[in-house]
Amino acid sequence: LPGRVVAQWNVGQLLRIGTDAIYYDDNRRAIEHFNRVIRLKPHLYEPYFFRGYAKLGMDDINGAIADFTKAIDINPNYLQAYIYRGMAFFQVGRYEESLEDYRVAAELAPSDAMIYAYRGITYRALDLSDLAEKDYSKSIRLNPKQQFAYINRALIREERGDYKGAMED
């Protein structure tokens, strides 16, 4: 039993050291610590998520997608993995997969304003401005201080010639 307590403490400590390394933009060191956690406890979803996040910081988008996918496989209700994998899919032009991740994220957290703002960007990339504007508006309803959504909705309105609406945003 004492060995298990020490192992658990080591895993927690390794996770903390890894997340601290991300904070200080030392992604290589972070990945080393998350790899250790994965070797000790491959059934945990957190080290895969954080390793994916570190890989994003190193522009290893495909590696990040693989890690976010593994985190989701282990815990299908892990909201942040869907959001960040959606961002990663977007970065490599896999817009349909990005939309699917944001759809699941919106089911898991329907009141999270940023999900709709991110999904709006993906809709714009697919030239689906009506859907993008709808998501930006929902984001604003959920969080009236959501500047990101106002700016993007204003751009759509300006493109349509709705200068008054754009100025209001």
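Residues are numbered from 1 along each chain as its sequence is written. In this predicted model, local features need pLDDT of at least 70 and side-chain atom pairs count only at pLDDT 80 or more, while totals for chains, interfaces and linings use all residues; side-chain values use heavy atoms, with hydrogens and water left out.

Start with the aromatic pairs, of which the structure holds 12. Rings of Phe, Tyr and Trp (its six-membered ring) pair if their centres lie within 6.5 Å; planes under 30 degrees apart count as stacked, over 60 as edge-to-face and the rest as tilted.

Select Phe 49 and Phe 50. Their ring centres are 5.3 Å apart and the planes meet at 70°, so this pair is edge-to-face. Phe 49 is buried, at 5% relative accessible area, whereas Phe 50 is partly exposed, at 23%. Buried means under 20% relative accessible area, exposed over 50%, and partly exposed in between (1.4 Å probe, protein chains only).

Now move to helix H5, residues 79-91, and select Ile 83. Helices (H or I, at least four residues) and strands (E, at least two) are DSSP runs, numbered from the N terminus. Ile 83 is buried, with 5% relative accessible area. Leaving aside neighbours within four places in sequence, Ile 83 is in contact (heavy atoms within 4.5 Å) with Tyr 102, Ala 105, Asp 112, Ile 115 and Tyr 118.
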